[in-house]
Amino acid sequence: MLTTAPRGTKDIMPTDVTAWRYLEETMRKICAQYGYKEIRTPVFEHTELFLRGIGETTDVVEKEMYTFTDRGERSITLRPENTASAVRAYIEHKLYADPAPTKLFYMGPMFRYDRPQAGRYRQFHQFGIEALGVPGPNIDAEIILLAVQILQSLGLKDLKLKINSVGCPKCRPEHRVKLQEFFKPHFDELCKDCQSRYDRNPLRLLDCKNPHCHELGEGAPSLEECLCDECKAHFAGLKELLTAAGVDYEVDHNLVRGLDYYTKTAFEIQYAPLGAQSAVCGGGRYDGLIKEVGGPETPGIGFAMGMERVLLALESQNLLPDFTDAMDVFVVCPNQEHFAKAFKAAIDLRRNGLKVDYDFQGRSMKAQMKAANRVKAHYVLIFGDDEVARNQVVLRNMANSEQKEIAISDITTILQTEVHEG
Ligand code: HAM
């Protein structure tokens, strides 16, 4: 146990970090294009924030939160998602006083006590964005485009964008009544969770993971029939913009997201080859959340992408570039008498921005050349006895095996030119 990471968590090893950084850099670059600024919120918050924000009848709150009492007797929860925290920060720092929209993005670890499997972890990472302060469908279209652009620029194809409108407090009550009428004859067959949600939040019944509840929900009254004029117009506006932007989408009236704060637009991007955990991105509008958390009445919309899932998708399609972590120079010095000179050359090169490595253990020439190959060095500097006696060293170009002698005093100038031109 001591030597294994907790279930549902993973080390990201140096060989994998390059892929993570590639993903993060792509995300940052596209956020900059759209004018989104990074926010970093704490990984834990007061539990109350998530109870209020995410909703007490959701799976996330009922079953999946890592909640504990700290030494000051406060109830603390490791963030299961970042929207509630971003909204909390927006209110705390009065960002609503700035001109709207406030455009934020974040990436980092989230925590859910979920059943681990491929693509589902207890500590996972999300990249997400939140745009606060603007009510119309234009920004909905923009953030969906941003998500699609990120995934497409990584090379992913065959993505499925599903959109829906989950209505607003004006039109939901009618749907709620219809849902209760629909499920009433089957109440006894529902799982315990659904029975308890029947009164509190019947919409959640459509999101139950229990297969029998899922079956019972087939043919349930769709929210679409109950949408108010404002929600209908909003949804139509979004569809028009997505069509204008040439983005393919599918309207899925059964798309009920797992968190309670959504109003109007809800969407998901799926990558089918991932199987059961095919949702790589999910989001939507949350026009009531900021007020619910204690801020002024302000609309908002955002999404989050599961970074592990995006990486799994990229790996499965061989879309990860070949990351070469080659060193520029490896300094070989088998005779420890010359080590001080070799060491000085190495650190001078590093001070001039080159990637340099050397042997720390005074091993044989052969072993040091092997080490140079292992770190894929482009050049090797050899501090041999004869050459050092003449204040020279051998510079070997590993790509074509050409060798020449150069003066120790010229090492930095020559290598800087070689590395930058080569
Ligand atoms: P979510 O649908 O709960 O939404 O999560 C978004 C994405 O995070 C999912 O589509 C999935 O890719 C990834 N994800 C969720 N749970 C796990 C897990 N256990 N393991 C691996 N990946 C996971 C939200 O979190 C909302 N905060 C999104 C949002 C932002 N809505 C508005 N703004």
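Phe 343 is partly exposed, with a relative accessible area of 34%. On this scale, buried means under 20% relative accessible area, exposed means over 50%, and partly exposed is in between (1.4 Å probe, protein chains only). Before going on, note that this is a predicted model, where local features need pLDDT of at least 70, side-chain atom pairs count only at pLDDT 80 or more, and totals for chains, interfaces and linings use all residues. Residues are numbered from 1 along each chain as its sequence is written, and side-chain values use heavy atoms, with hydrogens and water left out.

**Aromatic pairs**

Back to the rings. Rings of Phe, Tyr and Trp (its six-membered ring) pair if their centres lie within 6.5 Å; planes under 30 degrees apart are stacked, over 60 edge-to-face, and the rest tilted. That rule gives 14 aromatic pairs. Here are two of them:

| Pair | Centre to centre | Angle between planes | Kind |
|---|---|---|---|
| Phe 267 and Phe 303 | 6.3 Å | 70° | edge-to-face |
| Phe 343 and Tyr 358 | 6.0 Å | 90° | edge-to-face |

Where do Phe 267 and Phe 303 sit? Phe 267 lies in strand 9 (residues 263–270) and Phe 303 in strand 11 (residues 300–306), so their pair ties together parts that are 36 residues apart in sequence. Helices (H or I, at least four residues) and strands (E, at least two) are DSSP runs, numbered from the N terminus. Both Phe 267 and Phe 303 are buried. Ring pairs also link these two with Phe 105 and Phe 127 into a cluster.

The other pair joins Phe 343 in helix 12 to Tyr 358 in strand 13 (residues 356–358), 15 residues apart.

**Helices and their neighbours**

Two packed helices are described by the angle between their axes and the distance between the axes. Helix 1 (residues 14–34) and helix 5 (residues 137–153) pack at about 145°, with axes 10 Å apart. Axes are lines fitted to C-alpha atoms, for helices over the stretch in contact, and angles run from 0 to 180 degrees between N-to-C directions. The residues making this contact (heavy atoms within 4.5 Å) include Met 27 and Ile 30 of helix 1, and Leu 145 and Leu 146 of helix 5.

Which residues of helix 15 (residues 411–421) are buried? They are Ile 411, Thr 412, Leu 415 and Val 419. These four cover an arc of only 80° around the axis, which puts them on the same side of helix 15; the arc is that of the directions from the helix axis to the C-beta atoms. Among the elements covering them are helix 12 (339–351) and strand 14 (379–382). The face turned away from the buried side carries Thr 413, His 420 and Glu 421, which are exposed.

Arg 88, in helix 4 (residues 83–92), is buried at 19% relative accessible area. Leaving out residues up to four places away in sequence, Arg 88 touches Thr 41, Pro 42, Glu 45 and Leu 49.

Most residues other than glycine have a negative phi, and most peptide bonds are trans. Glu 73 has a positive phi of about 65°, and Asp 158 has one near 60°. Glu 73 is in the loop between strand 3 (66–69) and strand 4 (75–78), and is exposed at 66% relative accessibility. Asp 158 lies in the loop between helix 5 and strand 7 (160–165). A cis peptide bond, with omega about -5°, joins Ala 100 and Pro 101.
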